[in-house]
Amino acid sequence: MNPYQEIFETIIELSKEAGYATFDYLPDENQAYPFVYVGYQQNIDKITSTRLLGKTHIQIDVYAEHDRRFEVSQILNDLLNVIAHHRRTRNFKYAVVNSESQLMGDNTTDIPLVHGILELEIQYS
């Protein structure tokens, strides 16, 4: 089993279980706000003499109307807590070892949005 794919799928499931509309693609304009998009992932393997270890960087994006900045901030914080405390996929243990977040304006649609980004560094074993 691929640990990186399991971590990716676990994050999507945890976000959905927390009650957020969550996608692994950017939905079309008919999707209501806020929504969560999990797309970017970078994987780094560490090969030892006995097993393969690794870490992954995953970016979680949250989009909402510009006047819902506080809600986006709450969603980012909630997702960080849920993911960090879960610590397991079906076949692997993981730990969130670093996180960064940011909020910014987004004018890529006809309405002004707030775009929250949560970047996680996750190690698995």
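This is a predicted model: local features need pLDDT of at least 70, side-chain atom pairs count only at pLDDT 80 or more; totals for chains, interfaces and linings use all residues.
1. Helices here are DSSP runs of H or I with at least four residues, numbered from the N terminus.

2. Helix 2 covers residues 69-86, which is 18 residues. From first C-alpha to last, helix 2 reaches 26 Å, close to the 26 Å expected at 1.5 Å a residue. Its buried residues are Val72, Ile75, Leu76, Leu79 and Ile83. These residues are on the same side of helix 2 because they cover an arc of only 100 degrees around the axis. The background is simple: an α-helix has 3.6 residues a turn, so residues three or four places apart point the same way.

3. What lies over the buried side of helix 2, and what does the other face carry? The cover of the buried residues includes helix 1 (3-17), strand 2 (35-47), strand 3 (52-65), strand 4 (94-106) and strand 5 (113-124). The face turned away from the buried side carries the exposed residues Phe70 and His85.

4. The largest nonpolar core has 25 residues. The members that touch the most other members are Ile11, Val36, Val38, Ile60, Leu79 and Ile83. Helix 1, strand 2, strand 3, helix 2 and strand 5 each supply at least two residues of this core. Helix 1 gives the most, with six residues. As a general point, nonpolar side chains in soluble globular proteins tend to be buried together.

5. Ile11 is worth a look in the viewer. Leaving aside residues up to four places away in sequence, Ile11 touches Val38, Ile58, Ile60, Ile83 and Ile122. A second, separate core has six residues, among them Tyr33, Phe35, Tyr63 and Leu113.

6. Tyr33, Phe35 and Tyr63 also turn up among the aromatic contacts: together with Phe23 and Tyr25 they form one aromatic cluster. The structure holds six aromatic pairs. One of these is formed by Phe92 and Tyr124, an edge-to-face pair with 5.6 Å centre to centre and 80 degrees between the planes. Phe92 lies in the loop between helix 2 and strand 4, while Tyr124 lies in strand 5, so the pair ties together parts that are 32 residues apart in sequence.

7. Are Phe92 and Tyr124 buried or exposed? The cut-off for buried is under 20% relative accessible area. Phe92 has 16% relative accessibility and therefore counts as buried. Tyr124, at 6%, counts as buried too.

8. Gly39 has its place in strand 2. Gly39 is partly exposed, with a relative accessible area of 29%. Not counting residues up to four places away in sequence, Gly39 touches Phe8 and Gln59. Gly39 and Phe23, the latter a member of the aromatic cluster, are 16 residues apart in sequence and 8.2 Å apart in space, C-alpha to C-alpha.

9. How many salt bridges does the structure hold? There are three salt bridges. In general, side chains of opposite charge can pair when their charged atoms come close. One of the bridges joins the side chains of Glu121 and Lys55, at 3.3 Å from N to O. Glu121 lies in strand 5 and Lys55 in strand 3, so this pair ties together parts that are 66 residues apart in sequence. Glu121 counts as buried at 16% relative accessibility, whereas Lys55 counts as partly exposed at 26%.

10. Arg68 takes part in the other bridges to be listed here. With Glu65, Arg68 forms a salt bridge in which the closest N and O atoms are 2.9 Å apart. The side chains of Arg68 and Glu71 also meet in a salt bridge, at 2.7 Å from N to O.

Definitions and conventions: Residues are numbered from 1 along each chain as its sequence is written. Side-chain values use heavy atoms; hydrogens and water are left out. The expected span of a helix is 1.5 Å times one less than its number of residues. Buried means under 20% relative accessible area, exposed over 50%, partly exposed in between (1.4 Å probe, protein chains only). The arc is that of the directions from the helix axis to the C-beta atoms. Contact means heavy atoms within 4.5 Å. A nonpolar core is a set of buried Ala, Val, Leu, Ile, Met, Phe, Trp, Tyr and Cys residues joined through side-chain atoms within 4.5 Å. Rings of Phe, Tyr and Trp (its six-membered ring) pair if their centres lie within 6.5 Å; planes under 30 degrees apart count as stacked, over 60 as edge-to-face and the rest as tilted. A salt bridge is a side-chain nitrogen of Lys or Arg within 4 Å of a carboxyl oxygen of Asp or Glu.
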